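Let's take a walk through a protein together. Have a look at the sequence and the 3D picture, and then we'll go from the overall layout to the details.

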Amino acid sequence: MEAINSSTDAGVPSHSGFMSIKLDRTNYPLWLAQIVPILKSKNLMGFVTGTNPCPPEFKRNTDGTLTTEVDPRYVTWHQQDQMILSWINNSLSPTVLSTVARFTSSQATWSSLEKRYASQSKNRKPVDDDELVNIILNNVGPAYEITVSSAQARDTSISYDDLVALLLNVEIRLKAQQTPSLEASPTAMYAPKAT
């Protein structure tokens, strides 16, 4: 069983600075790649997987009978679970959030997301880099025609990373050409006459 900190915020930062991708219907693997390391780094995966179950709400006497005294581990566990649930909910697109808003625990929400999106991700055929390069080259548009021609004329096929870098450089040059410069347009300098 995973340890439960006595203080709910001891060493557990807000995830907002780390979660740049919000889960939508198409990016479950990317979203998972962001949130799992956060949970693992704080030893919190057991909350979402169910391997760290909620402790009993009430303490037991030495003879095993329940007391009316609330177990502090129960309170701490619920605080941490709600923090994780908040992280998960804040990392979802509004459309996805609407499908899990009824769940009140991180495990129930996690399980629902996993059932809904993990199978979709596994059923998709992965695209290798060569196929991705061909898809990009065939769909970038006429502004990149010279770049596409030069990439296709190479003796060796261009890698995905090289193609992305090349296209980004071309995009920067195209934007720079569209921005009027002072040298390209006539200007008149005006200064008031000194009196």
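This is a predicted model: local features need pLDDT of at least 70, side-chain atom pairs count only at pLDDT 80 or more; totals for chains, interfaces and linings use all residues.

Start with the big picture. The protein has eight helices and two strands. If you trace the chain from the N terminus, the order reads α-α-β-β-α-α-α-α-α-α. Out of 195 residues, 28% count as buried. Now think about contacts between residues at least 6 apart in sequence: 58% of these join residues at least 24 apart.

Next, head for the inside. In soluble globular proteins, nonpolar side chains tend to be buried together. Here, the largest nonpolar core has 24 residues, and W31, L39, I88, W110 and L113 are the ones with the most contacts inside it. Which helices build this core? At least two residues each come from α1 (28-41), α2 (45-49), α3 (72-90), α4 (94-100) and α5 (106-123). The largest share, six residues, is supplied by α1. There is also a second, separate core, made of nine residues, and Y144, A151, L163 and V170 are among them.

Let's zoom in on W110. Setting aside residues up to four places away in sequence, W110 touches W31, L32, I35, V36, L39, M45, V48 and I88. Is T109 buried or exposed? It counts as buried, because its relative accessibility is 0%, and the cut-off for buried is under 20%. Apart from its neighbours within four places in sequence, T109 is in contact with L85, I88, N89, V100 and F103. Notice that I88 turns up in both contact lists, for W110 and for T109.

Now for the aromatic rings. A pair of aromatic rings is described by the distance of the centres and the angle of the planes. The model has four aromatic pairs. One of them joins Y28 and Y117, whose rings are stacked, at 6.5 Å centre to centre with 25° between the planes. This pair links distant parts of the chain, since Y28 belongs to helix α1 and Y117 to helix α5, 89 residues apart. Both Y28 and Y117 are buried. Ring pairs also tie Y28, W31, W110 and Y117 together into a cluster.

Most residues other than glycine have a negative phi, and most peptide bonds are trans. N43, though, has a phi near 55°, which is a positive value in a residue other than glycine. You'll find N43 in the loop between α1 and α2. N43 is partly exposed, because its relative accessible area of 43% falls between the 20% and 50% cut-offs.

Finally, let's look for empty space. Rolling a probe the size of a water molecule over the atoms shows where empty space is left. The largest pocket has a volume of about 160 Å³. Its lining consists of P142, A143, Y144, I146, T147, S150, L166, V170, R173, L174 and Q177. Two helices, α7 (145-152) and α8 (160-178), each give at least two of the lining residues, and α8 gives the most, with five. What kinds of residue line the largest pocket? By class, there are seven nonpolar, three polar and one charged. Two of these residues, Y144 and V170, line the pocket and also belong to the second core.

How values were computed:
Residues are numbered from 1 along each chain as its sequence is written. Side-chain values use heavy atoms; hydrogens and water are left out. On a 1 Å grid over the protein atoms alone, a cavity is a set of points where a 1.4 Å probe fits but cannot get out, and a pocket is an open set with protein on both sides within 12 Å along at least five of seven lines; lining residues have an atom within 4 Å of a point. Grid points are joined across faces, edges and corners, and a volume is the space filled by probe spheres set on the points. Helices (H or I, at least four residues) and strands (E, at least two) are DSSP runs, numbered from the N terminus. Ala, Val, Leu, Ile, Met, Phe, Trp, Tyr, Cys and Pro count as nonpolar, Asp, Glu, Lys and Arg as charged, and the others, Gly among them, as polar. A nonpolar core is a set of buried Ala, Val, Leu, Ile, Met, Phe, Trp, Tyr and Cys residues joined through side-chain atoms within 4.5 Å. Buried means under 20% relative accessible area, exposed over 50%, partly exposed in between (1.4 Å probe, protein chains only). Contact means heavy atoms within 4.5 Å. Rings of Phe, Tyr and Trp (its six-membered ring) pair if their centres lie within 6.5 Å; planes under 30 degrees apart count as stacked, over 60 as edge-to-face and the rest as tilted.
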